[in-house]
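Trainee: I would like to go through this structure with you. Can we take it in short steps?

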Amino acid sequence: MELVESTICFGGKNAVYRHPSDACSCDMTFGIYLPPQAESNSVPVLWYLSGLTCTHENAMTKASLQQFAAKRGLALVFPDTSPRGEYVADDEAYDLGQGAGFYVNATQEPWARHFRMYNYVARELYSLVCGAFPVTEIHGITGHSMGGHGALTLAIHSPGQYRSVSAFAPIANPSKSDWGRKQLGAYLGTDEASWLDHDASLLLRKKGWKRDILVDQGGDDQFLDLLRPQELVDAATDASVPLLYRTHSGYNHSYFFVASFAEDHVNWHADRLTADW
C-alpha cells in the first residue's frame, strides 16, 4: 500500500491509501479512519459505501462520521465506488461505468475485467484492512443510495462477516428501477434472473436477516421514485425482519441528509458491534 495522505481528526487518524487490486485489475484508493482507541487496542469497523458519482473522499469530508466514531471507538472504511484509470471502461452517462460500480461482479464486456466491486469490497479490501490495521473481525456496514444498496446486499449475502447493517436512502429495489435495470443489465447481462442476488428487497424475502436493520429516508428526496423504499419495507414485513424505517420530512438526497443522521447510525452500529453476542 502507498500512503497518499494522512491527518489527525478528532484525536484519531484519517488516512487515504492506494494499492494494486487483483479483484479490479487496477490501482484502487480507499480511506480509513482509526479512532484514538486504536492506538492501544484493536477496534471494530464500520464500512461506509458511497453512492453514484462519489469517490472515497465524499463521505470522508461530508458525512460527519469521524467525530462520532471517535467517541464510540469505531474504525471507518471508505472504499471507492468503482475501478478507475485510463484503461478502465467508462460511459458518458454519470450512472454507468467509473463512479457507478453498483457493488457487483460484472460478467459482461467491456466491464468484466475491472468492475468486480463485490469481490473487491467484501473479499480483497476486507482482508487487506484486517491484516494491515489494528481492527477486530467485528464489522458493520452502511451506505448511501447506491452504497445503501451495496451495504444491504453485501450484508445479506455475508451475515457472518457483517454483524450490523444500515442504510441512508438506499436503492432498495434496483431490478424494478431505472437506477438498477440499466446498470444490472450492462454489468450482468439481459437475463434478469442474474440480477436477483443484487436486489435488497428480493434478497431479504429470499434469505432474511437474523438481526435488525436501520434505514433513514428523506421525505423530500428528489429520487424517491427510483429508490423504491416501500418495497424494502414490505419485504422486511414478509420475512419477519425487524426493520426500523424512518422518514424525515424536508430532507432530500444530499449529504446534508446523511450528516444529519450520521450520529444515529454510528451509535446504532456501535451498540451492536460492541455487544456480547
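Mentor: Start with a definition: a salt bridge is a side-chain nitrogen of Lys or Arg within 4 Å of a carboxyl oxygen of Asp or Glu. This is a predicted model, where local features need pLDDT of at least 70, side-chain atom pairs count only at pLDDT 80 or more, and totals for chains, interfaces and linings use all residues. Residues are numbered from 1 along each chain as its sequence is written, and side-chain values use heavy atoms, with hydrogens and water left out.

Trainee: How many salt bridges does a search of the whole structure find?

Mentor: Side chains of opposite charge can pair when their charged atoms come close. Searching the whole structure for such salt bridges gives a total of 11.

Trainee: R72 forms a salt bridge with which residue?

Mentor: Look for the carboxyl partner. The closest N and O atoms of the pair are 2.9 Å apart, and the partner of R72 is D271.

Trainee: How many residues apart in sequence are the parts that R72 and D271 tie together?

Mentor: Place each one in its helix (a DSSP run of H or I, at least four residues, numbered from the N terminus). R72 lies in helix α2 (residues 66-72) and D271 in helix α10 (residues 262-273), so the separation of the tied parts in sequence is 199 residues.

Trainee: R84 and D80 meet in a salt bridge too. Is D80 buried or exposed?

Mentor: Use the cut-offs: buried means under 20% relative accessible area, exposed over 50%, partly exposed in between (1.4 Å probe, protein chains only). R84 has 29%, which makes R84 partly exposed. D80 has a relative accessible area of 6%, so D80 is buried.

Trainee: Which helix holds R181, the partner of E192?

Mentor: E192 and R181 form a salt bridge, with the closest N and O atoms 2.7 Å apart. E192 sits in the loop between α5 (181-188) and α6 (200-207), while R181 lies in helix α5.

Trainee: Which residues touch the most other members of the largest nonpolar core?

Mentor: A nonpolar core is a set of buried Ala, Val, Leu, Ile, Met, Phe, Trp, Tyr and Cys residues joined through side-chain atoms within 4.5 Å. The largest one has 93 residues, and the members touching the most others are W47 and Y187.

Conventions. Helices (H or I, at least four residues) and strands (E, at least two) are DSSP runs, numbered from the N terminus.
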